[in-house]
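Open the model in your viewer and keep the selection tool at hand. The stops below are meant to be taken in order.

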Amino acid sequence: MRILATITKPTEGKVTWDDTDIAQSPDELRAVLGYLPQDFGIYPNLNVVEFLEYLAALKGLDGRTGRKRIQELLHIVNLFEARKRPLGNYSGGMKQRVGIAQALLNDPQLLIVDEPTAGLDPAERVRFRNLLSDLAGERIVILSTHIVSDAEATATEIAIINRGYLLEHARPERLLQAVDGKVWQWVISSTELTAAKQQYLISSTARRGDGVHIRVVGETPPGSDAQAVTPTLEDAYLHFISSANGSMGPIGAMGRENGQ
Amino acid sequence: MKTLRTLYHLTRADFSERVRRYSFLIVLAMMVCAGYLFVPPEGAGYLVLHLGLKRGVYNSPWIGLMFGLIAAMHLPLFGFYLVKNAVERDRQTGVGQIIATTPTGKFVYVVGKWLSNLAVLLLILSVMTAMAVVMQLIRAEDAVVNLWALVAPIWLMGLPVLAIASAMALLFESISFLRGGLGNVVYFFVWLVTIITLLSGAFDEVTHLAQPTNDLLGFTRPMADIQQQVLAVEPDADMGSGLIVPLRGREASTFVWDGIGWTAGIILGRVMWSGLALAIALASAIPFDRFDPARSRLRLERKGLFSRLQKLIGAIRRGDFLRRRPAKAGGLQVTPAAHLTPLAATSKRGRFFGVLAAELKLMLKGHSLIWYAGAIGLVIACLLSSLDDVQQYLLPAVWLWPVLIWSQIGIRERRYNTGQMVFSVPHPVSHQLPAMWLAGVIFTVIAGCGAWVRLALTGEFTGLLAWFVGALFTPALALALGVWVGNSRAFETLYPLLWYIGVINQVPAFDYAGATAEGLAMGMPVVYLGITAGLVALAVIGRWRQLQI
C-alpha cells in the first residue's frame, strides 16, 4: 500500500499510473491521490478544520474550495459538531474519521485506504462502506482489510495476498465459485470440538441447543451428517490461504502475515 | 526480592531498547572521536587542560584527570539530552499504559528508569575510559599505564555527576511543563549556572588558587594539588587554569604530575553526591502522572481556554442553554448515504503560497498566552528602548524567546506521525520543505520586528542585514537538524550553546546574528549566509532520504 501511495520505493518491479512510473514521477499520481494510512497521527493542538485546511493547502486546493470541501466532509464523516475541539481530545474512532476526511479532500481519482474501518463503531462502519461504494463508481478505490464483511459489502474485485505474494485476483463471484461445494455445516458435541479444530479448517463455530454448529472448509465432508452450505467470502479467503500454505489445516497455523 | 527483580527488568529492558538503536552507535563513535581530540599532540594549537599554559605530561594521572573533567563538566549536558526520553518512549509506544496497570509502583518505576539512564551514560563513560588508555599509549609520553591512577579520576569525578544528570532527566520528564522543549532550554541554563557558580567559587579571585573541598565536580582537590606542585618548582608561576584553550601561536610547556591519592574519605564524599542523585530520582515520582491521559488532556483543555471562551459566548448567543444539548458527535444516528461533490480540477503544480500560509499558521498554533505576551512585550520594549539597551539586553532575548517554536521545524511529521499523509501529497520536497523553512523565516521576522525596526530607524543597516541573515540561518539550522535527527532536542541543545557563545559572549566566529562589530568586520554574515544555504541543501537531501524516492 505504501508503494502505491508513493511513500516507499519498490525494491523491484514497477508501478505505473497513466503509463507513468510512479517511482520516477510520483507527483503525477500524488495530485490525484487520496491516502488513508493504517497508522497515522494528527496535530493535537489543531482542531479538525485547521488540520484539514493545512492538508488541503498541501494538496493544492485554493482557500475557498478547501473551506467548502471541508464543511462537506465534516458532515459526511459526522464530525461537524466536534469541529472546534482540539484533535488531541478526539477518540480513536474520531481520529480515524479525520483520516478518512483528509483522504477525500482533493476528490481523488485513486483512493487508497488501509484498514479504514478500524476503530469505527458499527453505524460509522456501515456509513463509511456506503460512502466507499458510492465513490467507487467514479474512481479507483483500493481497500485493505482483515474484516471480510467490509470487503463483502464494498469490493467489486478482490486480491488475496499471502506473505507478500498475490494468491488470487478476481471478482467476488469467482472466488465464491472456487469454493462452491467445499463448505460444510456440521453439528458436533462440545467435547469433540477441540479434536475437530485440530483436524479441519473451521471458519466459524456457534453453540446451540443441539450441540456445536461448526462451519468447515474442505474438499470432502468432515462427517456423514455434514451438510453442504452456501460459501461466504470468509470461507473462500480461508480456502485460498490454507491452500497456499500447503494444507487445509487449522486456522492457527496461518499466522498474522496473511492479508486480504 | 520481587521489587529488585522488577527493578532489574525495568532497567534491563529500557537499557537494551536504547543501546540497540543505530543512533546510540553513532554517539559511541562520536565519543571515540572526541576522546582522540581530548589528548592533542604537540603542535595541535590547543590545550585541553592547562595551568598558565603549562600542561602535565600525558601520564595516567594527567590523562585520567582530563577525561574526568570532561566527564564531569560536559557529559552531563549532552548526556541529559541523550537520556531524557525514558518515560517519553513508554508514553509514545503505549507501553506506559500497560505498565500503569501492573502492580509496579511509581517509586520502583522511576528508580528503574534512573538506573537505565545511568547505565547508558556509564557505558559512554566506559568508552571514554578505554579511549583514555588508548590515547596514553598513542601519545606515548609515558609508556607505563597506571590503571588506578587513570580510571579513578574518570569514574570518581564522572559517576556522581552523571547520576545527578540521569536523575534530573527523569525529574524533568515527570514535571509536565518541563517535559518538552522548555525543559531542554531550562536544563541548559541550570547546567550553565551550576558550572559558572562552581568554577567561580572554587578559585580564589586574586591568587587563582583552588580551595580543596568536596565539590560537585570533584576537581578542586586535584587542581589544588597540581597548583602546589607547580608553585614548589616555580613560585611565581601563573595559576590561571582553563579547559580547552587555543594557543594562538603561544608556547606551551609541560610538567610531571603524579596525581593525588584517591583516599577513602574522598571516595566517600563522591558517594554522598550519588545519594543526592537518588534523592532527586525518588522525588521525581511525586509529580509523575503514571501515564494518566486524563491529566494531559486537562492541560490541553486549559491551553484551549480562548477557544472554549469563544464557544461559550457563541452558545449563549444561540440560546443553546435554553434548549436540549445536541447529540454528541460519534453517537448512533440514522444518516442518509453520503455523496461527495465533484471538485473542479486542483492545481497539479501545487500552490506554494497556500502551503506557506498553512505552515505559518501551523507554526503559530498551540502556544501558551504567556509566550505570545512575552513576544509582544519584546517587540514593544525594542521599539521604546535606546539602541544600546536593545543591542545589549533585548537582542539576546529576541534570539532566544522563539527557540521552542524553531525547534519544531522539520520534526512535526515524525513527532506526530503525520509523515505518510504529508509525504503523499504533491511536491513534498520542492513545496512543503521550503515552505516550512520560509514560514520559520517569516515567523522570526515577525517575532523580532521590534529589534530590526529599531536597527533600521537608527540607520544601522549593516547590523540590519546581519540580523536578517540570522533570521534565515536559525530556521535553516532547526530544519536541517529536525529532518536529520528527527527530534527537537538536537536544536534545543545546540542552539542555546551557539546563542551563548555567539550572542552573549560575542565570540565573532559564532556571531550568526550580527551582534558584534568584529563579527561584521570579519564578514561573518556572508559566512552564515553560505552556511544557511548548506543547511537548507542538507535538509532537502534528508527529506529525499526520508521519502526513499
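Rings of Phe, Tyr and Trp (its six-membered ring) count as a pair if their centres lie within 6.5 Å. In this predicted model, there are 34 aromatic pairs over all chains.

**Stop 1: a ring pair in chain A**

Select A:Tyr43 and A:Phe51. Their ring centres are 5.8 Å apart and the planes meet at 80 degrees, so this pair is edge-to-face; the angle for that label has to be over 60 degrees. Are these two residues buried or exposed? A:Tyr43 has 3% relative accessibility and therefore counts as buried. A:Phe51 is buried as well, at 1%.

**Stop 2: a ring pair in chain B**

Now select B:Trp467 and B:Phe468. The centres of these rings lie 5.4 Å apart with the planes at 80 degrees, so the pair is edge-to-face. B:Trp467, at 1% relative accessibility, counts as buried. B:Phe468, at 29%, counts as partly exposed, because buried requires a value under 20%.

**Stop 3: B:Trp399 and the cores**

Keep B:Trp399 selected. Which residues does B:Trp399 contact, leaving aside neighbours within four places in sequence? Among them are B:Trp406, B:Trp467, B:Tyr495 and B:Tyr512, and also B:Thr444, B:Gly470 and B:Ala513. B:Trp399 is also one of the residues with the most contacts inside the largest nonpolar core, alongside B:Phe67 and B:Tyr512. That core has 206 residues. Another core, of 16 residues, lies apart from it; A:Ile158, A:Ala170, A:Leu175 and A:Phe240 are among its members.

**Stop 4: helix H16 of chain B**

Select residues 387–398 of chain B, which form helix H16. A straight helix of twelve residues would span 16 Å, but H16 of chain B spans only 14 Å between its end C-alpha atoms. Which residues of H16(B) are buried? They are B:Leu387, B:Val390, B:Leu394, B:Leu395, B:Pro396 and B:Val398. To see what the buried residues of H16(B) pack against, show helices H15 (369–384), H17 (403–406), H21 (449–457), H22 (461–485) and H23 (489–504) of chain B.

**Stop 5: arginines over rings**

Finish with one arginine in each of two chains. Select A:Arg83 and A:Phe80: the arginine lies over the face of the ring, 3.9 Å from the ring centre. Then select B:Arg139, which lies over the face of B:Tyr36, at 5.1 Å from the ring centre.

Key. Residues are numbered from 1 along each chain as its sequence is written. Chains are lettered from A and ligands numbered from 1 in the order in which they are written. This is a predicted model: local features need pLDDT of at least 70, side-chain atom pairs count only at pLDDT 80 or more; totals for chains, interfaces and linings use all residues. Side-chain values use heavy atoms; hydrogens and water are left out. Helices (H or I, at least four residues) and strands (E, at least two) are DSSP runs, numbered from the N terminus. The expected span of a helix is 1.5 Å times one less than its number of residues. Buried means under 20% relative accessible area, exposed over 50%, partly exposed in between (1.4 Å probe, protein chains only). Contact means heavy atoms within 4.5 Å. Rings of Phe, Tyr and Trp (its six-membered ring) pair if their centres lie within 6.5 Å; planes under 30 degrees apart count as stacked, over 60 as edge-to-face and the rest as tilted. A charge sits over a ring if NZ of Lys or CZ of Arg is within 6 Å of the ring centre and within 35 degrees of the ring normal. A nonpolar core is a set of buried Ala, Val, Leu, Ile, Met, Phe, Trp, Tyr and Cys residues joined through side-chain atoms within 4.5 Å.
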